[in-house]
Amino acid sequence: MPPASQAPVISLDDVDAVPVENREETVAMAFDADTAADLVERVPSDLDFTASALVCVFLGPRQTTGWSLELLTVTLSGDVLTIRARES
């Protein structure tokens with residue numbers, strides 16, 4: 001397995017989806033519309049689950065408002081998915 005620095009970068013496509021409220025920090029993935037319905041308020045109709053998956057990164061609760069999450073890269077090396085993100 002190549003090191004993460006040599007792993008292919010997976011494209012990050014923006015979808016018009018509002019995540020459901022989540023009470024914990026977690027990463028969740030959906031490979032079908034039924035599972036995606038548990039993660040977002042409305043599953044985007046243009047999301048093709050035969051070629052894509054939905055990945056949601058939840059920050060969990062914060063004591064103040066205004067926090068955001070910037071997804072930097074997503075790589076797949078063998079069977080390991082690595083998500084680099086920055087919270088601000």
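**Entry 1: the salt-bridge network.** I began with Glu 25, Arg 62 and Glu 87, which are linked in a network of salt bridges. I note that this is a predicted model. I then took the network pair by pair.

Arg 62 and Glu 87 came up at 2.7 Å, N to O, as a salt bridge between side chains. Arg 62 sits in the loop between strand 2 and strand 3, and Glu 87 belongs to strand 4 (residues 80–87), so this pair ties together parts 25 residues apart in sequence.

For Arg 62 and Glu 25, I found the closest N and O atoms 3.6 Å apart, again a salt bridge. This pair links distant parts of the chain. Arg 62 is in the loop between strand 2 (54–58) and strand 3 (69–77), while Glu 25 lies in the segment before strand 1, 37 residues apart.

Arg 62 has 26%, so I wrote it down as partly exposed. Glu 87 is partly exposed too, at 36%.

**Entry 2: the rest of the salt bridges.** How many salt bridges does a search of the whole structure find? I got three. One of them joins Arg 86 to Glu 70, with the closest N and O atoms 3.4 Å apart. Here Arg 86 is in strand 4 and Glu 70 in strand 3, 16 residues apart. I checked accessibility for both. Arg 86 is partly exposed at 46%, and Glu 70 is partly exposed at 41%.

**Entry 3: Asp 32.** Next I looked at the loop between strand 1 and helix 1, where Asp 32 lies. Asp 32 has 34% relative accessibility, so I logged it as partly exposed.

Which backbone nitrogen does the side chain of Asp 32 reach at 2.7 Å? I found that of Thr 35. A polar atom of the Asp 32 side chain also lies 3.1 Å from the backbone nitrogen of Asp 34. I then compared positions with Asp 48. Asp 32 and Asp 48 are 16 residues apart in sequence, and their C-alpha atoms are 8.9 Å apart in space.

**Entry 4: a nonpolar patch.** I stayed in that loop for Phe 31, which is found between strand 1 (26–30) and helix 1 (33–36). Phe 31 is exposed, with a relative accessible area of 55%. Phe 31 belongs to a nonpolar surface patch with Val 27, Met 29, Val 55, Leu 76 and Leu 81. I recorded about 490 Å² of accessible area for the patch members together.

Note on methods. Residues numbered from 1 in each chain as written. Predicted model: local features only at pLDDT ≥ 70, side-chain atom pairs only at ≥ 80, totals over all residues. Heavy atoms only, no water. Patch = residues over 30% accessible without salt bridge, like charges linked within 9 Å, V, L, I, M, F, W, Y side chains within 5 Å. Areas by Shrake-Rupley, 256 points an atom, 1.4 Å probe, with all protein chains shown as cover. Salt bridge = Lys/Arg side-chain N within 4 Å of Asp/Glu carboxyl O. Helix = DSSP H or I, 4+ residues; strand = E, 2+ residues; numbered from the N terminus. Buried < 20%, exposed > 50% of the residue type's maximum accessible area, 1.4 Å probe, protein only. Polar contact = N/O pair within 3.5 Å; in protein donor to acceptor, adjacent residues only side chain to side chain.
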